[in-house]
Amino acid sequence: KIVRDELQSLLGEDGTELEISGSPSVTMLCGLQGSGKTTTAGKLALRLRKRGRQPLLVAADLQRAAAVEQLVQVGAQAGVPVLVPEGGEDVLAVARRSLAFARDRGHDAARR
């Protein structure tokens, strides 16, 4: 409860709508394993899609064994496309390709 109260004090009590600028705008989710990044990415993408945006989920977690497949499943449930790494791609290559992919196909909000 103490941590929650301090976070609420720091971040503010009133919720605000996510402000997105740029096209594509890029949001990177970071956190410990099991903290809900993939689920949050799916929820954010769905929310953006419902607001008329064209989100793209990018599977850039190349360390965790099932991370790519998990994001593919979350994307399918949310009705949002997922860019997956190609054989031998490192994280930087996936990130660069995702930006080009998003620009070429009109995605205006990319989540990694």
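Trainee: Which residues does Arg-49 touch, not counting residues up to four places away in sequence?

Mentor: Leaving out residues up to four places away in sequence, Arg-49 touches Pro-55, Ala-78, Gly-79 and Val-80. "Touch" means contact, that is, heavy atoms within 4.5 Å. Keep in mind that this is a predicted model: local features need pLDDT of at least 70, side-chain atom pairs count only at pLDDT 80 or more, and totals for chains, interfaces and linings use all residues. Residues are numbered from 1 along each chain as its sequence is written, and side-chain values use heavy atoms, with hydrogens and water left out.

Trainee: Why is Arg-49 called partly exposed?

Mentor: Its relative accessible area is 38%. Buried means under 20%, exposed over 50%, and partly exposed in between (1.4 Å probe, protein chains only).

Trainee: In which helix does Arg-49 lie?

Mentor: Arg-49 belongs to helix H2, residues 37–50. Helices (H or I, at least four residues) and strands (E, at least two) are DSSP runs, numbered from the N terminus. The chain has four helices and four strands, and from the N terminus on they run α-β-α-β-α-β-α-β.

Trainee: What makes Ser-98 count as buried?

Mentor: Ser-98 has 3% relative accessibility, which is under the 20% limit, so it counts as buried. You'll find Ser-98 in helix H4, residues 91–105. Beyond its neighbours within four places in sequence, Ser-98 is in contact with Leu-56, Val-58 and Leu-83.

Trainee: Which seven residues make up the largest nonpolar core?

Mentor: They are Ala-41, Ala-45, Leu-57, Ala-59, Leu-71, Ala-78 and Val-80. H2 and helix H3 (67–78) are the elements that give two or more residues to this core. Apart from it lies another core, of six residues, including Leu-56, Ala-60, Leu-83 and Val-94.

Trainee: And what makes a set like that a nonpolar core?

Mentor: The residues must be buried Ala, Val, Leu, Ile, Met, Phe, Trp, Tyr or Cys, joined through side-chain atoms within 4.5 Å. One member, Leu-71, touches Thr-38, Leu-57, Val-58, Ala-59 and Val-82, not counting residues up to four places away in sequence.

Trainee: Is Leu-10 buried or exposed?

Mentor: Leu-10 has a relative accessible area of 66%, over the 50% limit, so it is exposed. Leu-10 sits in helix H1 (residues 2–11). Together with Val-3, Leu-7 and Leu-11, Leu-10 forms a nonpolar patch on the surface, with about 460 Å² of accessible area together.

Trainee: What counts as a patch, then?

Mentor: Patches are made of residues with over 30% relative accessible area and no salt bridge; like charges are joined within 9 Å, and nonpolar side chains (Val, Leu, Ile, Met, Phe, Trp, Tyr) within 5 Å. Accessible areas come from the Shrake-Rupley method with a 1.4 Å probe, and for residues only the protein chains shown count as cover.

Trainee: How do you know that the side chains of Lys-1 and Asp-5 meet in a salt bridge?

Mentor: A salt bridge is a side-chain nitrogen of Lys or Arg within 4 Å of a carboxyl oxygen of Asp or Glu. Lys-1 and Asp-5 come to 2.9 Å, N to O, so the pair qualifies. Lys-1 is exposed at 75% relative accessibility, whereas Asp-5 is partly exposed at 30%.

Trainee: How many salt bridges does the structure hold?

Mentor: Five. Another one joins Asp-61 and Arg-64, with the closest N and O atoms 3.7 Å apart. Glu-86 pairs with Arg-97, where the closest N and O atoms are 3.6 Å apart. That pair links distant parts of the chain: Glu-86 is in the loop between S3 and H4, Arg-97 is in helix H4, and they are eleven residues apart.

Trainee: Which strand has the lowest mean pLDDT among the elements?

Mentor: Strand S4 (residues 109–111), at 60, while strand S3 (residues 82–83) has the highest, 96. pLDDT is the predictor's confidence in each residue, from 0 to 100. The chain's mean is 88, and 96% of its residues reach 70 or more.
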